[in-house]
Amino acid sequence: MLKFRTLYSLKDKITKKFHLYIAGQKVLDNGGCGGVDNVSIEEFKNNYKMNMRELHRQLIENTYEPLPVLRTYISKGNGEKRPLGIPVIKDRIAQQAVRQVLEIYFEREFCECSFGFRPNRSAHDAIEKIEKYKEQGYYWVVDADIKSYFDTIDHELLMDFIAEYISDGWVLDIIRSWLTIGVMTEEGREETREGTPQGGVISPLLANIYLHYFDKKMTRRGYKIVRFADDFVILTKNKRKAKRALKVTRKIIEDELKLKLHPRKTVVTNFYDGFEFLGFKFHHSEYKRPKDKAITKFKNKVRKITRRTRPFPVEVIIAKLNPVLRGWGNYFKIGNVKTLFTRLDKWIRMRMRSFIEKKKAIMYQNYRFSNSYLRDKGLQSLLTDVL
């Protein structure tokens, strides 16, 4: 099959006004904070037509230049922090416009083993694929972790991979400008010699393009791989093949892609001994449940919402709590969770009674307010409303 670079010039598609409008609406609907120019979503909306006309003009006339991304950090839940790079809104819209077009073409090329950040694919699909391989006798697992993946992507390799499919120099130049524009920290602007910033609209697509090289080489060798962004497992039928798969993986990831496998988090294991993937703990042949960190993170969210000192009516607290319950429950309900959900429901009701009575939360106490009372107030249940 001919690669599409011999057939298409992409600038005209990307800069169509209607296409830019769709990109703008997606970015503005996603919300988020402003970048280094301190322009908020609301401020951009207030001058929307003028801002979009100016962006369109810059793209058409080849005068568009991105601004450095704003460096910020979010907690990883283990005491460490994950760096994020927040582009200004104008740059987010430009990235979304490019992503919308490139994604169509790369979707034709990406391998079946890739599930992260792709249309009509989800973490649940990835987990279902793992279980199908398990049913076929693939019990041994290479559980791999790439250390600081987004921060260590090699720019030149990435551009080479993109150029295999895209010959439009305008597109290649604009992507390179996003990669190299730098980040703004409290100490000033820093150059970016490698990596693609987490927080950039186009970063997930670029990350998939980079690891597409790995996907192709592994699947051509016949390995059963399931990848979600930089998190992946390789399944084999015996330990010897798993060790061989790890050796091949290390060569491709470290020698050819210039990345690093995490020395402690990359292991050869099996379903009996267990492994973690996409928030689930797989253990024994038919058992999976949320991993301990996922449960702890969920409970911390509930604790924050139901703090006794919060000066809100119970209905307001429940309205804030229910989306958290539904979101977490709907993700993990495909696991063996009936007992866990029952236990968490009791704990959540205890937290709510503690909030109402302004007393310390103690399990099996604070029963002046019945389950039916909390239900009447709108509190949902992991067991009966989600599972």
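Two strands count as paired if DSSP finds at least two bridges between them. Helices (H or I, at least four residues) and strands (E, at least two) are DSSP runs, numbered from the N terminus.

**Ground rules**

I am working on a predicted model, where local features need pLDDT of at least 70, side-chain atom pairs count only at pLDDT 80 or more, and totals for chains, interfaces and linings use all residues. Residues are numbered from 1 along each chain as its sequence is written, and side-chain values use heavy atoms, with hydrogens and water left out.

**Entry 1: strand β1 and its partners**

I began with β1 (residues 69-75), which pairs with β4 (residues 183-185) in the parallel sense over 2 bridges. I found Leu70 opposite Met184 of β4. Strand β2 (residues 81-86) runs antiparallel to β1, and 6 bridges join the two. There, Ser75 faces Lys81 of β2. A reminder to myself: strands of a sheet pair through backbone hydrogen bonds, either parallel or antiparallel.

**Entry 2: the four-stranded sheet**

Next I looked up an open sheet of 4 strands, ordered β6-β7-β3-β8 with antiparallel pairing. Its edge strands are β6 and β8 (267-270), each of which pairs on one side only. Neighbouring strands are turned by 25° against each other on average, direction ignored; axes here are lines fitted to C-alpha atoms, for helices over the stretch in contact, and angles run from 0 to 180 degrees between N-to-C directions.

I then went through the β6-β7 pair, which is antiparallel and joined by 5 bridges. Ile225 stands opposite Ile234 of β7, and Phe228 stands opposite Asp231 of β7. The two strands make a hairpin with 2 residues between them, and Ala229 in the turn has a positive phi of about 60°.

**Entry 3: helix α6**

Helix α6 (residues 123-135) has 13 residues and reaches 19 Å from its first C-alpha to its last, close to the 18 Å expected at 1.5 Å a residue. The expected span is 1.5 Å times one less than the number of residues.

I listed the buried residues of α6 as Ala123, Ala126, Ile127, Ile130, Tyr133 and Lys134. They cover an arc of only 115° around the axis, which puts them on the same side of α6; the arc is that of the directions from the helix axis to the C-beta atoms. Their cover includes β6 (224-228), β7 (231-236) and α13 (314-332).

At the start of α6, a side-chain oxygen of Ser122 comes within 3.3 Å of the backbone nitrogen of His124. After the helix comes Gly137, with a positive phi near 100°.

**Entry 4: helix α11**

Among the buried residues of α11 I noted Ala242, Leu246, Ile252 and Glu254. The buried set packs against β3 (140-145), α8 (155-163), α10, β7 and β8. Asn238 caps the N-terminal end, with a side-chain oxygen 3.2 Å from the backbone nitrogen of Arg240. Lys258 follows α11 and has a positive phi near 60°.

**Entry 5: two single residues**

Which residues does His56 contact, leaving aside neighbours within four places in sequence? I found Thr15, Lys17 and Leu20, taking contact as heavy atoms within 4.5 Å. His56 lies in helix α4 (residues 48-60) and counts as buried at 18% relative accessibility. A polar atom of the His56 side chain lies 3.1 Å from the backbone oxygen of Thr15. For a polar contact I need a pair of N or O atoms within 3.5 Å; within protein, one must be able to donate a hydrogen and the other to accept it, and residues adjacent in sequence count only if both atoms are side-chain atoms.

Last, I checked Glu190 in strand β5 (residues 188-190). Glu190 is partly exposed, with a relative accessible area of 39%. Not counting residues up to four places away in sequence, Glu190 touches Gly182, Val183 and Thr185.

Technical notes. Buried < 20%, exposed > 50% of the residue type's maximum accessible area, 1.4 Å probe, protein only.
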